[in-house]
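Me: I'd like to go through this model and check where the labels come from. Can you walk me through it?

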Amino acid sequence: MTIIDTIGSSISEPSPLRLGVIVGATRPGRKAAQVAAWVRDLAARHPQVQAGRLELRPIDLAEVGLPLLDEPVAAAFGDYLHPHTRTWAETIRACDGFVFVTPEYNHSIPAALKNALDYLYTEWHHKPAGIVSYGLVGGTRAAQHLRTILLELKSVPVGEVTLSVFEDFTYTDMTDPASPFEVAPRDHQPPAVIELLDHLVAYAEALAPLRVALAPIVGATVAGAGGDATGP
Ligand SMILES: Cc1cc2nc3c(=O)[nH]c(=O)nc-3n(C[C@H](O)[C@H](O)[C@H](O)COP(=O)(O)O)c2cc1C
């Protein structure tokens with residue numbers, strides 16, 4: 001082994017970027033898990049994943065099983081009482097960015113997803129977020145609502161892919177939970193997901209130093225705001 005080989009072998013590879021793929025619906029018979037699996041399958045072929053520089057972590061809110069928000073202090077203060085909140089905070093803190101897979105429910109996102117977002121605050125900060133939404137009419141209103149919420153959490157929305165239940169799924173009878181109902185996106189959708197991942201990687205890399213630089217002040221404004229503050 002030459003000196004260069006020795007030096008090279010001692011330089012550790014940077015750890016891969018970790019993108020959480022959040023399954024945003026929890027109801028029995030949901031399509032969200034299928035859509036998230038489709039995203040992860042596409043991502044597995046992404047060059048950054050193949051090179052070991054990008055890792056996708058499935059985060060299924062049905063498995064996380066958070067109760068309706070039961071923390072006595074607002075998340076902006078970072079003072080978590082319950083073990084389920086601390087575990088959830090650890091899961092989200094460990095990610096460098098997110099793909100939110102969300103259906104549209106009454107022109108917005110499912111309550112389970114809003115609840116999971118509300119549980120935390122700084123853990124979402126300065127991390128990019130891509131949205132893959134779907135609905136009978138394309139899920140665009142859910143995506144728009146989610147963008148607004150993410151901005152309040154200082155997350156950075158970088159793009160959306162929207163699927164139409166009528167055009168990107170195959171089904172026989174939507175009213176029969178036992179009948180086949182599969183995600184089958186049109187040809188333009190996979191490249192759109194890859195482009196979304198490209199943006200997520202670029203933003204995650206660009207924002208990582210910002211998170212380090214802002215670490216000393218993140219949460220400080222709220223913590224110093226006095227007893228009557230409920231958040232920023
Ligand atoms: C409570 C509820 C509200 C819905 N509201 C809308 C809506 O506002 N717009 C829309 O396009 N589709 C709406 N849909 C249809 C869903 O987008 C569609 O059923 C989708 O499959 C739901 O996602 P899920 O299967 O992962 O739960 C609604 C469905 C549910 C269950």
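What follows is a run of questions about labels and the values behind them.

Me: What should I know before reading any labels?
Reply: It's a predicted model, where local features need pLDDT of at least 70, side-chain atom pairs count only at pLDDT 80 or more, and totals for chains, interfaces and linings use all residues. Residues are numbered from 1 along each chain as its sequence is written.

Me: How many helices and strands does the protein chain have, and what makes a stretch count as one?
Reply: The protein chain has ten helices and seven strands. Both are DSSP runs numbered from the N terminus: helices are H or I with at least four residues, strands are E with at least two.

Me: Why is Val-21 called buried?
Reply: The label goes by C-beta atoms, placed from the backbone: 20 or more others within 10 Å means buried, 12 or fewer means exposed, and anything in between is partly exposed. Val-21 has 22 others within 10 Å, so it is buried. Its place is in strand S1. Across the 232 residues of the protein chain, 35% count as buried.

Me: Which residues is Val-21 in contact with, leaving aside neighbours within four places in sequence?
Reply: A contact needs two C-beta atoms, placed from the backbone, within 7 Å. With those neighbours left out, the partners of Val-21 include Ala-36, Val-39, Leu-56, Ile-59, Val-99 and Val-101. Val-39 sits 18 residues away along the chain, with 8.3 Å between the two C-alpha atoms.

Me: What makes S1 and S2 a pair?
Reply: Strands pair if DSSP finds at least two bridges between them. Seven bridges join S1 (residues 17-23) to S2, and the two run parallel. As an example, Arg-18 has Glu-55 in S2 as its bridge partner. S1 is also joined to S3, in parallel, by five bridges, with Leu-19 partnered by Gly-97.

Me: And why is the sheet called open?
Reply: Five strands line up in the order S2-S1-S3-S4-S5, with parallel pairing, to form an open sheet. S2 (54-60) and S5 (156-164) stand at the edges with a single partner strand each, so one side of each has no neighbour in the sheet. Neighbouring strands are turned by 20° against each other on average, direction ignored; the axes are lines fitted to C-alpha atoms (for helices over the stretch in contact), and angles run from 0 to 180 degrees between N-to-C directions.

Me: How do you know that S3 is largely enclosed?
Reply: Seven of its seven residues are buried, so S3 is largely enclosed by the rest of the structure. Gly-97, Val-99, Val-101 and Pro-103 point one way, Phe-98, Phe-100 and Thr-102 the other. In a regular strand the side chains alternate between the two faces of the sheet.

Me: What about S4: how many of its residues are buried?
Reply: Eight of the eight residues of S4 are buried, and the strand is mostly covered. Pro-128, Gly-130, Val-132 and Tyr-134 are on one side, with Ala-129, Ile-131, Ser-133 and Gly-135 on the other. S4 (residues 128-135) pairs with S3 in the parallel sense over six bridges; Val-101 stands opposite Val-132, and Val-99 has Gly-130 as its bridge partner.

Me: Why are H2 and H9 called roughly perpendicular?
Reply: The axes of H2 (residues 32-44) and H9 (residues 189-214) come within 10 Å and cross at roughly 70°. That makes H2 roughly perpendicular to H9, on a scale where 65 to 115 degrees is roughly perpendicular, under 35 roughly parallel, over 145 roughly antiparallel and the rest oblique. Val-39, Leu-42 and Ala-43 of H2 meet Pro-190, Val-193, Ile-194 and Leu-197 of H9.

Me: What kinds of residue make that contact of H2 with H9?
Reply: Seven nonpolar, no polar and no charged. Nonpolar covers Ala, Val, Leu, Ile, Met, Phe, Trp, Tyr, Cys and Pro; Asp, Glu, Lys and Arg are charged, and the others, Gly among them, are polar.

Me: Why do Asn-106 and His-107 count as exposed?
Reply: Asn-106 has 9 C-beta neighbours inside 10 Å, so it counts as exposed. His-107 has 12, so it counts as exposed too.
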